[in-house]
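Please walk me through this structure in the viewer, one selection at a time. Tell me what to select and what is there.

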Amino acid sequence: MIDIVVVLRAEDAVLDFLSVLTDDGGGETRVILADHDRAETLVLGADMTAAERLALIASHVRPVTEGIASPGPEVLATLLRQAAAGHPCRIWTHSPADTRRSRGRLGRDTALARAADARLAGGELRHAVGFSPYLQILSDLDRSLGREHIAAKLDFVNGSCGHLLAEPDPEFVVQTPHVPAVERFFDTDPDQRERLFALLASLDDEAASVVDPWEFGSSPYEARRLDATTAWVRERCAGNGDGSGGALVEVGACEGALTHRLAAAGFTVRATEPNAVFRPRLTAALAGTDGVTVDGADLAELAKEDGPRATAHLLIEMLYYGQDLALLDDLATDLVFVALEPEALVSRVRPWLERSTSWRADEETVLVPPQLETVCAGRAYLSKRGSVGLLLRRTNG
């Protein structure tokens, strides 16, 4: 049985997989260094001592350069076939939920490469939990390192990775949490893998790689948050005189979990979603819903429009992406509902609001408090940070 360790950079093999490299089984191990610009495979012979194995890996530690990334599933499949050389193998690689996106992508791509090749699909594949400050992942195999192994790991870091201890890029810096004393591994099915990958992609388009990546349709916490948000908007927009809730613009409607609730509460809703993957899902989910229209406008485009005024614009859990809050001045409304996790509200919105001469805060309300909740079919759990609503009203200034 050959163990194949697939990592982005040489140091990863020691930081997360030392127990595999020094397994007392005494078999051969092959390490695929999968940086797409210089992918190569190191053969760690069965007759090599642990010190010799670490020395070979240390000779391949390089400075950080631009363009370090997974070579993709097709290239990885070729590298895996070559490394296995027709023998049964166990594959070890990064977690698809590794907070360092470069590693998470490689972990996912390695799993896709293995699944696409019948000659590899029969063997085991295990992901290292790796660097995961936001998720607690339920592991299937934990290996606690003894003092000798810890000493070897620290000597490797200090002797071969010293430049990474002061590396400014969070993708490649090596700090205490990157050097685990217990190496934890887990197996996962394709659905869990894709959901873990998408969950950690909240700030890029890969979040849309699965349907309902934030589990709005199944999470009790998210259901409470959406219900509370709907009730808040309904209560503050009552009294339009026509029996309806009024006309709303929901910015960043995703797949329509909130939109459905708003429509059921009697509102006319313009649901906008600039993400080209989410938007067709939003359109399909809301097809036939009275009083709802869908388009792709983002906040900047809405600020430029010279259209009919709305009762309110809703910026619900979407001001995490660096939008210019000055755009709110040009929205065709006198009322804006903002909802964010508490820390983001303080750091993102409060400083802008203190300087604004166009808006004042009419109300601040806790929609839901923080809560721990399982995700990805129970494979992991995390802290949902709560949601605070801020009702902004245009001033006469």
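Which residue in β10 is the bridge partner of Val251? The model is predicted, and in it Val251 is partnered by Thr272.

To see the setting of that pair, select residues 246-251, strand β9, together with residues 267-272, strand β10. The two strands run parallel and are joined by six bridges.

Now show residues 278-286, helix α11. The chain passes through helix α11 on its way from β10 to β11, in a right-handed β-α-β crossover.

Then move to the open sheet of seven strands. Its order is β3-β2-β1-β4-β5-β8-β7, and the pairing is mixed. Select 40-44 and 141-144 to find the edge strands, β3 and β7, each of which pairs on one side only. On average, neighbouring strands of this sheet are turned by 25° against each other, direction ignored.

Inside the sheet, select residues 2-7 for β1 and residues 89-93 for β4. They pair in the parallel sense over five bridges. Ile2 has Cys89 of β4 as its bridge partner.

For the last stop, select residues 50-58, helix α2. Helix α2 lies across β2 (29-33) and β3, and runs at about 165° to β3.

Conventions:
Residues are numbered from 1 along each chain as its sequence is written. This is a predicted model: local features need pLDDT of at least 70, side-chain atom pairs count only at pLDDT 80 or more; totals for chains, interfaces and linings use all residues. Side-chain values use heavy atoms; hydrogens and water are left out. Two strands pair if DSSP finds at least two bridges between them. Helices (H or I, at least four residues) and strands (E, at least two) are DSSP runs, numbered from the N terminus. Axes are lines fitted to C-alpha atoms, for helices over the stretch in contact, and angles run from 0 to 180 degrees between N-to-C directions. Contact means heavy atoms within 4.5 Å. A crossover is right-handed if, with the strands pointing away from the viewer, the path from the first strand over the helix to the second runs clockwise.
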